[in-house]
Amino acid sequence: MHRSVQGASLVIRSSVGPTREVVADAMKRRNVPAMVGMVNGRPIVRVALDASGELILARDDGSLIATAPQPVLASLATEWDADVTLDSADFFVSASAREESEPEGPMPQPAARRVYVIGGSTAIDPGHRQNLSAQLEASISVVPAGDCLLLQARGDVQEYWPPAQRPVVAVTLRDDALTVEVYSRAALGASGERAVMRGIPDLTLSWPTWWRAVLAEEGEVGRVQRMLARGQLTPTTLVGGEDQSRIALAELGTDLNAVDVLLDRPNHEGLVDAVAATLGLPREVVELVQGTMTVDDLPGSEHVERTAAGRIVWKQIRRDETPKGWWRRFFPR
(Lines give C-alpha, C1' and ligand atoms only; values in the text may rest on other atoms or scores of the structure.)
Protein backbone atom coordinates (compact mmCIF):
# COMPACT_ATOMS: atom_id res chain seq x y z
CA MET A 1 0.00 0.00 0.00
CA HIS A 2 1.66 3.20 -1.17
CA ARG A 3 1.15 6.31 0.93
CA SER A 4 2.19 9.91 0.75
CA VAL A 5 4.19 10.32 3.94
CA GLN A 6 6.32 12.98 5.55
CA GLY A 7 8.99 12.74 8.20
CA ALA A 8 8.45 13.93 11.76
CA SER A 9 10.81 14.27 14.72
CA LEU A 10 10.07 12.52 17.99
CA VAL A 11 11.60 14.61 20.79
CA ILE A 12 12.12 13.09 24.24
CA ARG A 13 12.66 15.27 27.32
CA SER A 14 13.29 13.65 30.67
CA SER A 15 15.59 13.97 33.68
CA VAL A 16 17.20 10.61 32.86
CA GLY A 17 16.55 9.99 29.18
CA PRO A 18 16.21 6.52 27.66
CA THR A 19 19.14 5.12 25.69
CA ARG A 20 19.06 4.65 21.92
CA GLU A 21 18.59 0.89 22.43
CA VAL A 22 15.63 1.44 24.78
CA VAL A 23 14.03 3.86 22.30
CA ALA A 24 14.54 1.49 19.37
CA ASP A 25 13.02 -1.39 21.34
CA ALA A 26 9.96 0.72 22.26
CA MET A 27 9.42 1.67 18.61
CA LYS A 28 9.83 -1.95 17.50
CA ARG A 29 7.31 -3.28 20.05
CA ARG A 30 4.77 -0.78 18.73
CA ASN A 31 5.53 -1.62 15.07
CA VAL A 32 6.54 1.98 14.32
CA PRO A 33 8.82 2.33 11.26
CA ALA A 34 11.49 4.67 12.58
CA MET A 35 15.12 5.69 12.40
CA VAL A 36 16.99 6.22 15.68
CA GLY A 37 20.25 8.12 16.16
CA MET A 38 22.20 10.10 18.73
CA VAL A 39 22.77 13.86 18.98
CA ASN A 40 24.77 15.38 21.85
CA GLY A 41 24.58 12.10 23.74
CA ARG A 42 20.79 11.80 23.49
CA PRO A 43 18.62 9.67 21.20
CA ILE A 44 16.68 11.30 18.40
CA VAL A 45 13.94 9.61 16.41
CA ARG A 46 12.38 10.10 12.99
CA VAL A 47 8.92 8.65 12.32
CA ALA A 48 6.43 9.00 9.46
CA LEU A 49 3.05 10.72 9.26
CA ASP A 50 0.46 10.52 6.51
CA ALA A 51 -1.15 13.54 4.85
CA SER A 52 -3.72 13.87 7.67
CA GLY A 53 -1.12 13.74 10.45
CA GLU A 54 -1.69 10.16 11.52
CA LEU A 55 1.26 8.01 12.58
CA ILE A 56 2.39 5.30 10.16
CA LEU A 57 2.60 1.79 11.64
CA ALA A 58 3.57 -1.57 10.13
CA ARG A 59 1.39 -4.69 10.06
CA ASP A 60 2.90 -8.11 10.58
CA ASP A 61 2.71 -8.75 6.83
CA GLY A 62 4.83 -5.65 6.10
CA SER A 63 1.98 -3.44 4.86
CA LEU A 64 1.35 0.01 6.35
CA ILE A 65 -1.52 1.42 8.34
CA ALA A 66 -2.11 4.80 10.00
CA THR A 67 -3.29 5.55 13.52
CA ALA A 68 -3.86 8.56 15.75
CA PRO A 69 -0.46 9.53 17.23
CA GLN A 70 -1.70 10.75 20.64
CA PRO A 71 -2.20 7.30 22.28
CA VAL A 72 1.22 6.13 21.07
CA LEU A 73 2.90 9.28 22.43
CA ALA A 74 1.07 8.93 25.74
CA SER A 75 2.24 5.34 26.18
CA LEU A 76 5.82 6.30 25.36
CA ALA A 77 5.73 9.24 27.78
CA THR A 78 4.47 6.93 30.55
CA GLU A 79 7.07 4.24 29.79
CA TRP A 80 9.96 6.74 29.85
CA ASP A 81 8.65 9.22 32.48
CA ALA A 82 9.16 11.88 29.84
CA ASP A 83 7.69 14.65 27.76
CA VAL A 84 7.34 13.35 24.19
CA THR A 85 6.53 15.58 21.24
CA LEU A 86 5.94 14.81 17.59
CA ASP A 87 6.95 17.69 15.33
CA SER A 88 6.79 18.02 11.53
CA ALA A 89 6.38 20.84 9.03
CA ASP A 90 2.57 20.59 9.32
CA PHE A 91 1.73 18.84 12.60
CA PHE A 92 2.58 19.03 16.31
CA VAL A 93 1.41 16.57 18.98
CA SER A 94 2.66 16.14 22.54
CA ALA A 95 2.20 14.02 25.64
CA SER A 96 3.67 14.34 29.13
CA ALA A 97 4.31 12.01 32.05
CA ARG A 98 7.18 13.89 33.67
CA GLU A 99 6.97 15.73 36.95
CA GLU A 100 7.62 19.44 36.42
CA SER A 101 10.03 19.43 39.34
CA GLU A 102 12.35 17.04 37.53
CA PRO A 103 15.01 19.06 35.73
CA GLU A 104 16.24 17.99 32.34
CA GLY A 105 19.87 16.92 32.32
CA PRO A 106 22.53 19.10 30.67
CA MET A 107 23.05 18.83 26.94
CA PRO A 108 26.71 18.14 26.13
CA GLN A 109 28.11 19.97 23.14
CA PRO A 110 30.87 18.05 21.36
CA ALA A 111 33.52 20.06 19.55
CA ALA A 112 32.94 20.74 15.86
CA ARG A 113 35.37 20.85 12.96
CA ARG A 114 34.34 23.57 10.49
CA VAL A 115 35.98 24.41 7.19
CA TYR A 116 35.13 27.32 4.89
CA VAL A 117 35.72 27.08 1.14
CA ILE A 118 35.84 30.64 -0.20
CA GLY A 119 35.50 31.01 -3.95
CA GLY A 120 35.38 34.76 -4.43
CA SER A 121 38.25 36.77 -5.89
CA THR A 122 38.81 39.03 -2.88
CA ALA A 123 39.52 36.29 -0.36
CA ILE A 124 42.18 34.67 -2.53
CA ASP A 125 44.29 37.85 -2.55
CA PRO A 126 46.96 37.48 0.22
CA GLY A 127 46.74 41.21 0.91
CA HIS A 128 43.20 40.81 2.24
CA ARG A 129 43.84 38.11 4.83
CA GLN A 130 44.34 40.41 7.80
CA ASN A 131 41.14 42.19 6.79
CA LEU A 132 39.41 38.81 6.56
CA SER A 133 40.42 38.02 10.15
CA ALA A 134 39.04 41.37 11.33
CA GLN A 135 35.85 40.90 9.31
CA LEU A 136 35.18 37.48 10.83
CA GLU A 137 36.28 38.66 14.31
CA ALA A 138 38.44 35.56 14.73
CA SER A 139 41.99 34.33 14.30
CA ILE A 140 42.16 32.26 11.14
CA SER A 141 44.35 29.83 9.24
CA VAL A 142 44.11 29.87 5.44
CA VAL A 143 45.61 28.04 2.51
CA PRO A 144 45.04 28.40 -1.25
CA ALA A 145 43.55 25.33 -2.94
CA GLY A 146 43.24 25.80 -6.69
CA ASP A 147 41.01 28.79 -7.40
CA CYS A 148 39.61 28.99 -3.86
CA LEU A 149 40.78 29.52 -0.28
CA LEU A 150 40.35 27.08 2.59
CA LEU A 151 39.85 28.64 6.02
CA GLN A 152 39.62 27.37 9.57
CA ALA A 153 38.99 29.72 12.48
CA ARG A 154 39.61 29.70 16.20
CA GLY A 155 36.52 30.52 18.21
CA ASP A 156 33.20 31.81 16.93
CA VAL A 157 33.07 33.43 13.51
CA GLN A 158 30.86 36.33 12.48
CA GLU A 159 29.10 34.90 9.44
CA TYR A 160 29.51 37.91 7.17
CA TRP A 161 30.33 37.04 3.55
CA PRO A 162 30.13 39.98 1.10
CA PRO A 163 29.51 39.30 -2.61
CA ALA A 164 33.20 39.56 -3.62
CA GLN A 165 34.02 36.60 -1.34
CA ARG A 166 31.17 34.40 -2.50
CA PRO A 167 30.40 31.63 -3.19
CA VAL A 168 31.32 30.32 0.24
CA VAL A 169 30.65 26.76 1.44
CA ALA A 170 30.92 25.92 5.15
CA VAL A 171 31.32 22.22 5.96
CA THR A 172 30.87 21.26 9.63
CA LEU A 173 31.23 17.89 11.33
CA ARG A 174 30.11 17.59 14.96
CA ASP A 175 30.36 13.99 16.15
CA ASP A 176 28.63 12.27 13.22
CA ALA A 177 26.33 15.21 12.33
CA LEU A 178 27.32 16.76 9.00
CA THR A 179 26.10 20.20 7.89
CA VAL A 180 26.88 22.00 4.63
CA GLU A 181 25.94 25.67 4.24
CA VAL A 182 26.06 27.51 0.92
CA TYR A 183 26.43 31.30 0.74
CA SER A 184 25.67 32.11 -2.90
CA ARG A 185 26.64 35.24 -4.80
CA ALA A 186 23.93 34.90 -7.46
CA ALA A 187 21.20 34.39 -4.87
CA LEU A 188 21.83 37.80 -3.30
CA GLY A 189 19.71 39.45 -5.98
CA ALA A 190 16.70 37.50 -4.77
CA SER A 191 17.29 37.59 -1.03
CA GLY A 192 18.49 41.19 -0.75
CA GLU A 193 21.77 42.74 0.34
CA ARG A 194 20.64 42.80 3.95
CA ALA A 195 20.89 39.01 3.98
CA VAL A 196 24.67 39.36 3.71
CA MET A 197 24.89 41.08 7.07
CA ARG A 198 22.62 38.54 8.75
CA GLY A 199 25.06 35.77 7.94
CA ILE A 200 22.31 33.36 6.94
CA PRO A 201 23.23 30.70 4.36
CA ASP A 202 21.14 30.48 1.23
CA LEU A 203 21.01 26.69 1.30
CA THR A 204 21.72 24.14 4.00
CA LEU A 205 22.32 20.41 3.56
CA SER A 206 22.20 18.39 6.78
CA TRP A 207 22.60 14.84 8.03
CA PRO A 208 22.01 15.04 11.81
CA THR A 209 23.28 11.60 12.84
CA TRP A 210 24.12 8.06 11.84
CA TRP A 211 20.65 6.54 11.65
CA ARG A 212 19.72 2.97 12.67
CA ALA A 213 16.56 1.37 11.28
CA VAL A 214 14.08 0.00 13.85
CA LEU A 215 12.18 -2.45 11.62
CA ALA A 216 13.06 -4.57 8.60
CA GLU A 217 14.63 -2.68 5.71
CA GLU A 218 12.66 -4.37 2.93
CA GLY A 219 9.36 -3.56 1.22
CA GLU A 220 7.15 -0.63 2.11
CA VAL A 221 8.54 -0.42 5.65
CA GLY A 222 12.09 -0.20 4.33
CA ARG A 223 11.07 2.47 1.81
CA VAL A 224 9.56 4.62 4.55
CA GLN A 225 12.59 4.24 6.81
CA ARG A 226 15.00 5.16 3.99
CA MET A 227 12.91 8.28 3.37
CA LEU A 228 13.21 9.19 7.05
CA ALA A 229 17.01 8.86 6.93
CA ARG A 230 17.51 11.15 3.93
CA GLY A 231 19.59 14.25 4.30
CA GLN A 232 17.68 17.51 4.25
CA LEU A 233 17.97 20.39 1.77
CA THR A 234 16.72 23.60 3.37
CA PRO A 235 16.50 26.89 1.45
CA THR A 236 16.75 29.79 3.87
CA THR A 237 17.17 33.31 2.51
CA LEU A 238 16.32 32.39 -1.08
CA VAL A 239 13.22 33.86 -2.69
CA GLY A 240 11.76 32.00 -5.64
CA GLY A 241 12.14 28.41 -4.44
CA GLU A 242 13.54 25.82 -6.81
CA ASP A 243 14.71 28.27 -9.50
CA GLN A 244 16.89 30.19 -7.05
CA SER A 245 18.19 26.95 -5.57
CA ARG A 246 19.32 25.93 -9.04
CA ILE A 247 21.10 29.26 -9.46
CA ALA A 248 22.91 28.90 -6.15
CA LEU A 249 24.01 25.33 -6.88
CA ALA A 250 25.10 26.21 -10.42
CA GLU A 251 27.77 28.48 -8.93
CA LEU A 252 29.31 25.34 -7.45
CA GLY A 253 29.09 23.43 -10.72
CA THR A 254 26.25 21.16 -9.62
CA ASP A 255 22.44 20.95 -9.78
CA LEU A 256 19.41 19.77 -7.86
CA ASN A 257 19.48 16.31 -9.44
CA ALA A 258 23.03 15.66 -8.23
CA VAL A 259 22.18 17.04 -4.78
CA ASP A 260 19.08 14.82 -4.63
CA VAL A 261 21.30 11.78 -5.20
CA LEU A 262 23.65 13.05 -2.50
CA LEU A 263 20.80 13.42 0.01
CA ASP A 264 19.92 9.75 -0.49
CA ARG A 265 23.33 8.70 0.82
CA PRO A 266 23.37 7.43 4.42
CA ASN A 267 25.44 9.35 6.91
CA HIS A 268 28.16 6.72 7.07
CA GLU A 269 31.72 6.42 5.87
CA GLY A 270 32.29 8.23 2.60
CA LEU A 271 29.61 10.89 2.95
CA VAL A 272 32.10 13.76 3.28
CA ASP A 273 33.89 12.50 0.17
CA ALA A 274 30.58 12.45 -1.71
CA VAL A 275 29.75 16.00 -0.56
CA ALA A 276 33.12 17.28 -1.78
CA ALA A 277 32.73 15.53 -5.14
CA THR A 278 29.14 16.73 -5.70
CA LEU A 279 29.82 20.36 -4.76
CA GLY A 280 33.23 20.55 -6.47
CA LEU A 281 35.15 21.15 -3.21
CA PRO A 282 38.92 20.54 -2.96
CA ARG A 283 39.98 17.11 -1.75
CA GLU A 284 41.72 18.68 1.26
CA VAL A 285 38.30 19.57 2.69
CA VAL A 286 37.69 15.91 3.48
CA GLU A 287 40.87 15.59 5.58
CA LEU A 288 40.25 18.91 7.31
CA VAL A 289 36.67 18.08 8.28
CA GLN A 290 37.55 14.57 9.39
CA GLY A 291 40.40 15.94 11.50
CA THR A 292 43.24 13.98 9.92
CA MET A 293 44.98 17.31 9.28
CA THR A 294 44.56 21.04 9.91
CA VAL A 295 45.04 23.96 7.57
CA ASP A 296 48.36 24.65 9.30
CA ASP A 297 49.59 21.22 8.13
CA LEU A 298 49.19 22.13 4.45
CA PRO A 299 51.99 23.65 2.37
CA GLY A 300 51.45 27.34 1.69
CA SER A 301 49.24 27.85 4.74
CA GLU A 302 49.19 31.13 6.65
CA HIS A 303 47.95 31.76 10.17
CA VAL A 304 46.52 35.22 10.83
CA GLU A 305 45.96 36.35 14.40
CA ARG A 306 43.24 38.92 14.87
CA THR A 307 45.25 41.11 17.29
CA ALA A 308 48.88 42.27 17.41
CA ALA A 309 49.32 40.65 20.85
CA GLY A 310 47.93 37.41 19.52
CA ARG A 311 50.35 37.47 16.60
CA ILE A 312 53.32 37.81 18.98
CA VAL A 313 52.10 34.85 21.08
CA TRP A 314 51.41 32.76 17.99
CA LYS A 315 54.90 33.33 16.56
CA GLN A 316 56.47 32.30 19.86
CA ILE A 317 54.34 29.17 20.05
CA ARG A 318 55.25 28.17 16.49
CA ARG A 319 58.94 28.86 17.11
CA ASP A 320 58.94 26.44 20.06
CA GLU A 321 56.65 23.86 18.50
CA THR A 322 57.75 20.72 16.70
CA PRO A 323 55.63 20.23 13.54
CA LYS A 324 53.44 17.16 13.80
CA GLY A 325 51.53 17.14 10.50
CA TRP A 326 52.66 14.61 7.89
CA TRP A 327 52.45 17.30 5.19
CA ARG A 328 55.16 19.28 6.97
CA ARG A 329 57.48 16.31 7.12
CA PHE A 330 57.47 16.18 3.34
CA PHE A 331 56.94 19.87 2.56
CA PRO A 332 58.89 21.94 5.10
CA ARG A 333 58.44 25.70 4.96
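Which residues does Ser63 touch, not counting residues up to four places away in sequence? Ser63 touches Leu57 and Ala58, where contact means heavy atoms within 4.5 Å.

This is a predicted model, in which local features need pLDDT of at least 70 and side-chain atom pairs count only at pLDDT 80 or more, while totals for chains, interfaces and linings use all residues. Residues are numbered from 1 along each chain as its sequence is written, and side-chain values use heavy atoms, with hydrogens and water left out.

**Overall make-up**

The protein has 333 residues, and 47% of them are buried. Buried means under 20% relative accessible area, exposed means over 50%, and partly exposed lies in between (1.4 Å probe, protein chains only). The secondary structure comes to 13 helices and 16 strands. These are DSSP runs, numbered from the N terminus: helices are H or I with at least four residues, strands are E with at least two. Among contacts with a separation of 6 or more, 66% join residues 24 or more positions apart.

Ser63 sits in the loop between strand 4 (55-58) and strand 5 (64-67). Ser63 counts as buried because its relative accessibility is 16%. Its side chain makes a polar contact of 2.7 Å with the side chain of Asp61. Such a contact is a pair of N or O atoms within 3.5 Å; within protein, one must be able to donate a hydrogen and the other to accept it, and residues adjacent in sequence count only if both atoms are side-chain atoms.

Ala111 lies in the loop between strand 7 (92-96) and strand 8. Ala111 is exposed, with a relative accessible area of 70%. Leaving aside neighbours within four places in sequence, Ala111 is in contact with Leu173, Arg174 and Asp175. Leu173 is 62 residues from Ala111 along the chain, yet their C-alpha atoms are separated by 8.8 Å.

**Helix 1**

Helix 1 covers residues 20-29, and its buried residues are Val23, Ala26 and Met27. They fall within an arc of 100 degrees seen down the helix axis, so they line one face. The arc is that of the directions from the axis to the C-beta atoms. On the other side, Glu21 and Lys28 are exposed. The cover over the buried residues includes strand 1 (5-13), strand 2 (34-39), strand 3 (42-50) and helix 2 (69-80). After helix 1 comes Asn31, with a positive phi near 60 degrees.

**Cavity and pocket**

Both are found on a 1 Å grid over the protein atoms alone: in a cavity a 1.4 Å probe fits but cannot get out, while a pocket is an open set of points with protein on both sides within 12 Å along at least five of seven lines; lining residues have an atom within 4 Å of a point. Grid points are joined across faces, edges and corners, and a volume is the space filled by probe spheres set on the points. There is 1 cavity of 30 Å³ or more.

| Space | Volume | Largest share of lining |
|---|---|---|
| Largest cavity | about 40 Å³ | helix 2, 3 residues |
| Largest pocket | about 630 Å³ | strand 8, 4 residues |

The cavity lining includes Met27, Leu76 and Leu86. It divides into 9 nonpolar, no polar and no charged residues. Here Ala, Val, Leu, Ile, Met, Phe, Trp, Tyr, Cys and Pro count as nonpolar, Asp, Glu, Lys and Arg as charged, and the others, Gly among them, as polar.

The largest pocket is lined by 24 residues, with Ala112, Arg113, Arg114, Ala153 and Gly155 nearest its centre. Its lining has 8 nonpolar, 8 polar and 8 charged residues.
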